Amino acid sequence: MKNEKAVVVFSGGQDSTTCLFWALKQFKEVVAVTFNYNQRHSLEIDVAKSITEELGIKHHILDMSLLNQLAPNALTREDIEIEHKDGELPSTFVPGRNLLFLSFATILANQIGAKHIVTGVCETDFSGYPDCRDAFVKSCNVTLNLALDKPFVIHTPLMWINKAETWKHADDLGVLDFIRKKTLTCYNGIIAEGCGECPACRLRKNGLDEFLLKKGVVEK
């Protein structure tokens, strides 16, 4: 893969930024694509722009505002609470999001001569989102290959690891501090450590604490 080109689905969060650095190690050329669907924490687009500019990576921002109209949820509406009730999908689930993101990322890949698409979805710490599952990604990959009649490959470097292992992956890539300080995971739009209260922040922090404990690092 060292001589090939990849498109990374990029939000500027912990997972997609870790995948971006992974892709930079794997491929000769990497292009990032971010989707603007008028999301609640729209600062993520600015963060994605800032990171790609710092790394010198070509960055596409695609208008997906139609998704906002079709999928009212806690990430697209200020008046919907961020919550996760037992037996239900979290209110942050955006129906069809990864289906559309992977489809448009592959169309972009086709346009620019890339055959690899990288996404940070994960079935281990996935909050129950059905479009983060390995079965979905593999099915989508087959469908896109049939639709475009080309052998695209969707890579999911984080699919079978938890958040602590994702932090270890960032550390192994030599970018732990970068991920900690410059990414936006928080549902309330606070960079780095975030608000500390939303589900995304709790998942991120619990994973970091577990990783640092295993590494033997004690923080003040």
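How many aromatic pairs does the structure hold? This predicted model holds four of them. Here is a quick tour of two of these pairs, together with a look at a stretch that UniProt annotates.

**Aromatic pairs**

- Phe-21 and Phe-178 make an edge-to-face pair, with 5.1 Å centre to centre and 80° between the planes.
- This pair joins distant parts of the chain, as Phe-21 sits in helix α1 and Phe-178 in helix α7 (residues 176-182), 157 residues apart.
- Phe-21 is buried at a relative accessible area of 12%, and Phe-178 is buried at 13%.
- Tyr-37 and Phe-101 form a tilted pair, at 5.9 Å centre to centre and 55° between the planes.
- Here too distant parts of the chain are linked: Tyr-37 belongs to the loop between β2 (29-36) and α2 (43-55), while Phe-101 lies in helix α4 (residues 97-112), 64 residues apart.

**The annotated binding site**

- An unreviewed UniProt entry places the feature "binding site" at residues including Gly-12, Thr-17 and Cys-19.
- Gly-12 is found in the loop between β1 (5-9) and α1 (14-26), and is buried with a relative accessible area of 0%.
- Beyond residues up to four places away in sequence, Gly-12 touches Thr-17, Val-47, Ala-48, Ile-51, Thr-183 and Leu-184.
- Cys-19 is part of helix α1 and counts as buried because its relative accessibility, 1%, is under 20%.
- Setting aside neighbours within four places in sequence, Cys-19 contacts Val-118, Thr-119, Gly-120, Pro-157 and Leu-158.

Note on methods
Residues numbered from 1 in each chain as written. Predicted model: local features only at pLDDT ≥ 70, side-chain atom pairs only at ≥ 80, totals over all residues. Heavy atoms only, no water. UniProt positions renumbered as here; feature names shortened; annotations may be inferred. Helix = DSSP H or I, 4+ residues; strand = E, 2+ residues; numbered from the N terminus. Buried < 20%, exposed > 50% of the residue type's maximum accessible area, 1.4 Å probe, protein only. Contact = heavy atoms within 4.5 Å. Phe/Tyr/Trp six-rings, centres within 6.5 Å; stacked < 30°, edge-to-face > 60°.
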